[in-house]
Amino acid sequence: MWGGRTGALPRVWGLWPTGVLGRRQRSCNAPSLAGSNSPQCWNCGGPGGPIRVDGFFCPQCRALQPPDPTRDHFSLMDCNRSFRVDTAKLQHRYQQLQRLVHPDFFSQRSQTEKDFSKKHSTLVNDAYKTLLTPLSRGLYLVS
């Protein structure tokens, strides 16, 4: 149906970095987001450098990086850290992030990227559910 161009539509919308579905390069300048002191991409092992596209992908080899467990829900969903949240913006951001990291888009990738995708998707789902309802948002702010 899509003629082998499954990544073209998200790339046109600016949601998928160019080259995500292409071949991997051998060098990398993206730091790992695993929270360790080692600023290296898990895939290509290159030295640290700038992160693009919300820190989800290595800018050189386009491999999905491990999620940052220290990142809070507000920064993940690109919201101000306050009780008042624009739910339309929140929903738009949720859909945008799921288009980037949903496990269905990683079915042909390595097992490591599949696992990272599941973890990212779970974090995005948790953040969305928490920030969507006022009670859970308030409890999250207090904690």
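A residue counts as buried when its relative accessible area is under 20%, as exposed when that value is over 50%, and as partly exposed in between (1.4 Å probe, protein chains only). Keep that scale in mind, since it comes back all the way through. What you have above is a predicted model, where local features need pLDDT of at least 70, side-chain atom pairs count only at pLDDT 80 or more, and totals for chains, interfaces and linings use all residues. Residues are numbered from 1 along each chain as its sequence is written, and side-chain values use heavy atoms, with hydrogens and water left out.

Let's start with charges. Side chains of opposite charge can pair when their charged atoms come close. For a salt bridge, a side-chain nitrogen of Lys or Arg has to be within 4 Å of a carboxyl oxygen of Asp or Glu. Searching the whole structure turns up 2 salt bridges. One joins D72 and R81, with 3.0 Å from N to O. Here D72 is partly exposed, because its relative accessibility is 22%, and R81 is partly exposed too, at 48%. In the salt bridge between R109 and E113, the closest N and O atoms are also 3.0 Å apart. Are these two residues buried or exposed? R109 counts as buried at 15% relative accessibility, and E113 counts as buried at 0%.

Now for the greasy parts. In soluble globular proteins, nonpolar side chains tend to be buried together. A nonpolar core here is a set of buried Ala, Val, Leu, Ile, Met, Phe, Trp, Tyr and Cys residues joined through side-chain atoms within 4.5 Å. The largest one has 18 residues, and F56, L64, L76, M77, L90 and L97 touch the most other members. Which elements give two or more residues to this core? They are helix 2 (73–76), helix 3 (87–101) and helix 4 (111–132); helices are DSSP runs of H or I with at least four residues, numbered from the N terminus, while strands are runs of E with at least two. Helix 4 supplies the largest share, 5 residues. There is also a second, separate core of 5 residues, with C41, C44, C58 and A63 among them.

Take a closer look at L64. Leaving out residues up to four places away in sequence, L64 touches W42, F56, F57, V101, F106, E113, F116, S117 and H120, where contact means heavy atoms within 4.5 Å.

Some of those neighbours also pair up as rings. A pair of aromatic rings is described by the distance of the centres and the angle of the planes. Rings of Phe, Tyr and Trp (its six-membered ring) pair if their centres lie within 6.5 Å; planes under 30 degrees apart are stacked, over 60 edge-to-face, and the rest tilted. That rule gives 4 aromatic pairs. W42 and F116 make an edge-to-face one, at 5.8 Å between centres and 75° between planes. W42 sits in the loop between helix 1 (8–12) and helix 2, F116 sits in helix 4, and they are 74 residues apart. W42 is partly exposed at 29%, whereas F116 is buried at 12%. F57 and F106 are stacked instead, with 6.4 Å and 15°, and both are buried.

Finally, find T130 in helix 4. T130 is buried, at 17% relative accessibility, and touches H73, S136, R137 and Y140, not counting residues up to four places away in sequence.
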